[in-house]
Amino acid sequence: MRRMQDLTSANTAGIELSQAQLSYARESLGLTVERDISALPERFLEGVDLMVCFEVIEHISDPIDFLRDYTQRLRPGGTLVLATDNFSSLPVRTMGDSFPKWIPHQHISLFDPASLEKSLTRAGLEVSDRISFTPWELLLRALVYRASMCRVGGRRFDLASELRTENSRSFAAFRAR
């Protein structure tokens, strides 16, 4: 958001459910960020030209209602850019239960390209362009995972341990890992 503001002088705002990340965005970065779209300043509720949802929809229990609710704030001709993991991708299939993004109580709506497009269509959105890819980082992780005998980041990935500690880590600690 900061980069977009600096380059374009655009009005930008964000929605963040994590209190730690919301506080960091507000206090350390000086960004306009709220927990819910209805709490944004009035200028954002009148309609937006661009809505970006990176790594969001997999956290939503009813993604179709979420899409309908949020995208009704797009101006006519506005654009939604949405990105989420492809849970049928090669890295996910390769790593299986050790894939680090299997976080059951946080990643609750899992998509592949077809199910994501179907959800967008059911929400009443016109899909005008699509790019389905697996970021190189995930491909590299899958290769390292295989080459390191199922170790992630120098240690064996343990979902139970991650679940016990993930919500107690601060945003800065999360980033430093």
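Mentor: Contact here means heavy atoms within 4.5 Å. Among contacts in the protein chain between residues at least 6 apart in sequence, 60% join residues at least 24 apart. This is a predicted model, in which local features need pLDDT of at least 70 and side-chain atom pairs count only at pLDDT 80 or more, while totals for chains, interfaces and linings use all residues. Residues are numbered from 1 along each chain as its sequence is written, and side-chain values use heavy atoms, with hydrogens and water left out.

Trainee: What makes Glu58 buried or exposed?

Mentor: Buried means under 20% relative accessible area, exposed over 50%, and partly exposed in between, with a 1.4 Å probe and protein chains only. Glu58 has a relative accessible area of 1%, so Glu58 is buried. Setting aside neighbours within four places in sequence, Glu58 is in contact with Ala83, Thr84, Gln106, His107, Ile108 and Ser109.

Trainee: Why is Glu46 called exposed?

Mentor: The relative accessible area of Glu46 is 57%, so Glu46 counts as exposed. Glu46 lies in the loop between helix H3 (42-45) and S3. Helices (H or I, at least four residues) and strands (E, at least two) are DSSP runs, numbered from the N terminus.

Trainee: Why are H4 and H6 called oblique to each other?

Mentor: The axes of H4 and helix H6 (residues 113-122) cross at roughly 50° and come within 9 Å. Axes are lines fitted to C-alpha atoms, for helices over the stretch in contact, and angles run from 0 to 180 degrees between N-to-C directions. Angles under 35 degrees count as roughly parallel, over 145 as roughly antiparallel, 65 to 115 as roughly perpendicular and the rest as oblique. H4 and H6 are therefore oblique.

Trainee: Which residues of H4 and H6 meet?

Mentor: On the H4 side they are Ile64, Leu67 and Arg68, and on the H6 side Ser119, Leu120 and Arg122. By class, this contact has three nonpolar, one polar and two charged residues; Ala, Val, Leu, Ile, Met, Phe, Trp, Tyr, Cys and Pro count as nonpolar, Asp, Glu, Lys and Arg as charged, and the others, Gly among them, as polar.

Trainee: The structure holds one aromatic pair. What makes the pair of Phe66 and Tyr70 tilted?

Mentor: Rings of Phe, Tyr and Trp (its six-membered ring) pair if their centres lie within 6.5 Å; planes under 30 degrees apart count as stacked, over 60 as edge-to-face and the rest as tilted. The ring centres of Phe66 and Tyr70 are 4.5 Å apart and the planes are at 35°, so the pair is tilted. Both residues lie in helix H4, four residues apart, and both are buried.
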